[in-house]
Amino acid sequence: MHWLEWSLLMDKLNKHSPPKWADIFLEWYCSPHQLEDVQGALYEYFYDRVEAGELKKAKMMYWLDVFTHFRPHIINRKQTHYKQNNLGMYKNFIKLSFRNMKRQKLTSTLNLVGLSIGIASFLMIMVWVNQEKTFDAFHENAENIYRIPNTFKSESEEFTQAVSGPALGAQLHKLFPQITNACRFGNSNVQIKAGNENFFESGLRVVDASYFDMFTWDVTAGSLADFFSNPNSIVLTKSASIKFFGTEDSMGKTLIMDEETSLSVSGIIEDAPSNSQMQFSSFISMDLAKIIRGAEGMDENWGGGQFHTYLQLAPGTDRVSLMAEVNKLITAKLTFFTERNMSYHYFLQPLTSIHLESTARYDFANNGSARNVSIFTNVAYIILLLACINYVNLTTANAIKRAKEVGVKKLIGAHKGQLIIQYLVESVITTILSAILGLGMIYMLLPSFEMLIGYEIVMTLTALNAALIFGGTIVLGLIAGFLPAFAISSFHPLSVLKGQLRSGKKGAAIRKSLVVFQFTATIALIIAIITVNRQMSYLQNQDLGMNTSEIISINYRGLSSVNQNKDVLRNKLLEHPKFKAATFYRNAYPVAGLSNGTVLVENGSGDKVSSSLYHMQVDENYKDTYEIEMAAGRFFSSEFISDIEASVIVNEAAVLTFGWGKPEDAIGKKMGSEPRIRTVIGVVKDFNFEGLHKTVEPLRILPLRNSSNFSSFALKVNLDNVFETFDYLKETWESINPTVPLDYTIMNDDINNQYTSEVRFKSIFSIFSVLSVIIACLGLFGLVTASTNQRIKELGIRKVLGASGSGLVQLISREFLILVIVSLVLAIPLAWYGMEQWLTGFAYRINMDWTFFALAGGIAISISMLTISFQTFKVAYGDPTKTLRHE
Amino acid sequence: MKGTNLGEFEELVLLIVVAKPIEAYSVAIARSIDEISNRKVVHSVVHTCLNRLEKKGFVTSEMTEGSRERGGRRKRVYKVSTIGMTALEKAKSQRNKLWDMIALVRMVSTNG
C-alpha cells in the first residue's frame, strides 16, 4: 500500500487529527520528497501533545510548526540526494537492443543488410573520391609546386596546352627569386638492350636533376644526389629493373639505349603509385638528352611545347604579380611568334589540382574527371540516404509490435525521454553492426573493385580515419533512429494496453511518402543506367570514317635499320594473301594522337593567317590502307613526282576553318611560306583521328620527304585466321630485322582502350545503381510485410467471406503500385534533366526518347510486383483459420 | 576547504547523531538537545541544521524501511560520515589545545 493510503488510514484511526487547513498548506509548500519526513515529525509532536491532554494547544502549535517550517530548504524542489543508476539503465538498453533484434529477425536482417550495403558503398566511393582529390598530395613540397601550362592563341585558334618551352624550366628560377626550384619533365620512347634482349621502353622520362628535389619518391637503391652525377646514367623503377635484368638489384649494370648510348643504372626507385599523374618506369637526365639530340641550345628556346615544366614557389608568394612579370618577360623573348600574331599566356596550376581540373592538351593520360568525381559523390550520398530511409520505414512500420512494451514502461514510470534514448541506443547499435559488416564487405570486395576501376586504392587506416568512421556511424545511427524513436515512444499507455492502437493515418502517410522518395531516386538511377549504357554503345559503334577493324599497327620508332629495309619488308608481307595493304608513316596512327605545327595559310578572304593544326606525314598507301574517303581531289601518288615537295592534303574541317567554301574550291589553295609552299591537291572526308572524345579538328596531311623519316607502319590484314597471320608477320619481321623487337597492336584494341574510362564509369555506375535498387526493394519488402501483418485479421476475414486469392493480392498490391507509379511520374523529369546535363559533355551523343522511360518504368514495376507478391501470396493463399487465430 | 567549519549548533547536533546511533531522526535529536542543554529548540531549526550537515557531507541519511509508527509515515534517519567524524575530532582537538594553554597560563600566574 502506498504510504499515503496507509497514513490516511492511520489518521482516521486516531480520533483527533491536526487542523486540516494547516496540513493543506504544508502539503502545498513542502517539496514532495521531504513531505513524508516533515509531516511525520509534525504529527509526532501533535500526537504527543494530544496524549498529554492539550488538544487545543496541540492544534495551535501545529499551525505554528507548519509556519516555522516554511523555509527555503524545505520548499526547495531540487533533489540533491538522489542517486540515479544510469549506468545500469544503459547496460539494460544494450541488452534489450540485442533481444529485440533477435525477436524481429526479418526486420533486423533487412535493416542490417540494407544499412551495410549503404555504408559499404558510401565508404568505397568516398575513399575513391578522396584518392582522386589528393593526387600527388603526398609530395613534401606539394603545396608550393605549380605547373605552368599556357594558353596559346593564333589567328585561327586558341587552346590550352600543358607543355611549355624548354627555357622556362631552365631559366625562370634564376631570374625570379620567388621561384625556389624548377624542373622539366618529358616523355620519350626508346629501344633498350639489356644483356641479350631487346625491349621497347615507352615509360622513359627525361628530367632535370632538380626533379628529385622537388618531388618525393621512394628510393630503394642509390642516393638522390648521385643519380645524375654521371650523365650517362639511368634510374629504373623496380618493375623496370625486373623487366630488363630479372632482378631488383641492378645497380651499376649497363644497358644500351637506341643502339648507341651506353647507360649505367645509378638508382632504383619504387614504381609510380597509382595516385600520381606522373607515371614512369625510368629516368634519364635532361643534360644527357640534350647531348643525344644535339639540342644544346635548347635552354634558350622560350617558345614551343616539349616538356611539362614545374615551379616551386616560396610560401606566401604573390602569384598574380609573379605571373604578370613572367608573362611580360616571355612575350618579350618570343618576338618570332608575336610578329606572327601568336601569343603564349602562361599561368600557374597547383600540383594537386591537375588531376581533376586540367583540361589542357598534351596532358597526362590518366587525368581524371571532376565531373565524375562529383557524380559519384552524389551517388554515394543517395545510397546512404536510401538505406537510412529504409531503416526509418521498417522500424516505424513495426512499431506497433512494440506498443505493449512501451505502454507498460510508461505505466511504471519511464519518462518519454528515457524511452527515446533507449530506441536511439537500438538504432546506434544496429548502425554499428552494419558498419562492421560493411567494412567486412569492403575488405573482401576491394580487389574486385580495384580491378573494376583499373588502379589501386590506397587505403590507410589512420587513427583519424577510424575515428571519423566510428563517429560517422554513431551520427548516422542517431539520425536514422531519431524518427522511429520519437514515434515509438509517443504511444499512449492506456490506449495501448486496451488494444485500441491503430497505425494512425499520419504515420502511414509519412511512410508512404518516404517510399515514394526512395523509388523516385531508384527509378531515376535506372533511367540513368539505361542512358549511360546506350551512350557507351553508341560511342563504341560509331563510324570513325576509316576502317579500323582490319588494321595492325607496328611502331618501330623510326629505327634506321628498319627504314633501310622497308620496301623489302613491305613486298615480302604483301606476298601473303591475307595481307592486303601496307602504309608507312610518321606520327599518323589515328589512335596515338598526332603532332601539331603552325603554318601560314591563305584563307578564303585572301589573307595570309598563321594557324596551328594537326599534321601527319604519310606515304601514298595511307588512304587505301585505312580506307579513307576523299571529298575532293586526289591522294598522293608516286605518279606525281612533284607531290613530295609541293603537295598537301587537308580534311573537311580544315576547309571550313580556313573559309575556303566547298571542298572542291580548296583544290589549288596554297599553304606554307617561302621556300616551301604547298598546294592543296585533295580533301579527305573527316575521320576521327582523335577518337570520339572530340569533334574532328582541322588536319594537314603531308607526304614524307625523306624515306628515313618513317617511324611506323600499318597493315591491313584479313584477321580471319589470326594466329597464322601473326606467325607469318613475326617470321618475316625477324628475318629482315632480327635485332628489333616487333611491337604491334591491333587497332580495335587500341580504340577500345580509349574508352576504358567510359566503360569503367558505366560499370561502376551500374553497380551502384543496382545496389540502390536492391536497397529500395528491401525497403518495399519490409513495408509490405509490415502492412500485411497488420491486416492479417482483415485478410483472413475477407477470405472466409469468400474473397479469392487473386482478389486479395490485387487489394494489397494496388496500394503499393500506386506509390510506384507516382514515383515514376516524379522520376522522369528529374532523370531527364540530369542526363541531359551529362550528355552535353560529349562531342558525339545520343538523344533520350520515350523508350528509355518506358523501359525504366517497366523494370521498376516488375521488380516491385515481384517483391510485393512474395508476401502477398503467402498471406492471400494461406489458411484463413490460421491467420484468424493470430491474437 | 570551504564549508568544513562546524558551527556551534551544528557541532552539537552532529555529536548527538554520533551518540545516538539508533533512531537518529529529527524529532529524537531535537528532544536530546532539550535534555542536554536545557534549551527549548524548535524542530524546524534542527531539521534545517540536519539538512545543512547533509549538504556539507558530514551525515548521510536514509528513509527507514517498514516503520509505520507515526501515522504510517517513515522517518529520515541520519548517520555520521567519515568526514563528519574527522570534523568533530578536529574541533575537539582544537578546544583541547586551547584549554591546555589556559591551564599553563593559570599555573604561571598563580605561581608567579
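Q: In which helix of chain A is the place of A:Glu724?
A: One point should be noted at the outset: this is a predicted model. A:Glu724 belongs to helix 27 of chain A, which covers residues 722–736. A:Glu724 is partly exposed, because its relative accessibility is 37%.

Q: Which residues gather with A:Glu724 in a patch of negative charge on the surface?
A: The negative patch brings A:Glu724 together with A:Asp727, A:Glu731 and A:Glu734.

Q: Which residues form a positive surface patch?
A: That patch consists of A:Lys91, A:Lys95, A:Arg99, A:Lys102, A:Arg103 and A:Lys105. Helix 6 of chain A, residues 86–103, contributes the most, with five residues. A:Arg99 is found in helix 6 of chain A and counts as partly exposed because its relative accessible area is 48%.

Q: With which residue does A:Asp65 form a salt bridge?
A: The partner of A:Asp65 is A:Arg49, and their closest N and O atoms are 3.5 Å apart.

Q: Are A:Asp65 and A:Arg49 buried or exposed?
A: Both A:Asp65 and A:Arg49 are buried.

Q: Where in chain A do the partners A:Lys238 and A:Glu270 lie?
A: The side chains of A:Lys238 and A:Glu270 meet in a salt bridge, at 2.9 Å from N to O. This pair links distant parts of the chain, 32 residues apart: A:Lys238 lies in helix 10 (residues 238–245) of chain A, and A:Glu270 in the loop between strand 9 (261–269) and strand 10 (282–285) of chain A. A:Glu270 has a relative accessible area of 28% and is therefore partly exposed.

Q: Which residue forms a salt bridge with A:Glu629?
A: A:Glu629 pairs with A:Lys685, the closest N and O atoms being 3.2 Å apart.

Q: Which residues are linked in a network of salt bridges?
A: The network links A:Arg184, A:Asp208, A:Asp287, A:Lys290 and A:Asp299.

Q: What is a disulfide, and how many does a search of the whole structure find?
A: A disulfide is a covalent bond between the sulfur atoms of two cysteines. Over all chains, the search finds zero disulfides.

Q: Why does A:Cys30 count as buried?
A: A:Cys30 counts as buried because its relative accessibility is 2%, and the cut-off for a buried residue is under 20%. B:Cys49 is buried too, with a relative accessibility of 1%.

Q: Which pattern does chain B follow along the sequence?
A: Chain B has four helices and two strands, and their order along the sequence is α-α-α-β-β-α. Of the 112 residues in chain B, 43% are buried.

Q: What value does phi take in B:Asn38?
A: Phi of B:Asn38 is near 55°, a positive value in a residue other than glycine. B:Asn38 sits in the loop between helix 2 (26–37) and helix 3 (43–56) of chain B, and is exposed, with a relative accessible area of 71%.

Q: Where is the place of A:Asp136?
A: A:Asp136 lies in the loop between helix 7 (105–133) and strand 1 (145–147) of chain A. Phi of A:Asp136 is near 60°, a positive value in a residue other than glycine. A:Asp136 is buried, with a relative accessible area of 0%.

Key. Residues numbered from 1 in each chain as written. Chains lettered and ligands numbered in written order. Predicted model: local features only at pLDDT ≥ 70, side-chain atom pairs only at ≥ 80, totals over all residues. Heavy atoms only, no water. Patch = residues over 30% accessible without salt bridge, like charges linked within 9 Å, V, L, I, M, F, W, Y side chains within 5 Å. Areas by Shrake-Rupley, 256 points an atom, 1.4 Å probe, with all protein chains shown as cover. Salt bridge = Lys/Arg side-chain N within 4 Å of Asp/Glu carboxyl O. Lys, Arg positive; Asp, Glu negative; His and termini not counted. Charge placed at Lys NZ, Arg CZ, Asp CG, Glu CD. Buried < 20%, exposed > 50% of the residue type's maximum accessible area, 1.4 Å probe, protein only. Disulfide = S-S within 2.5 Å.
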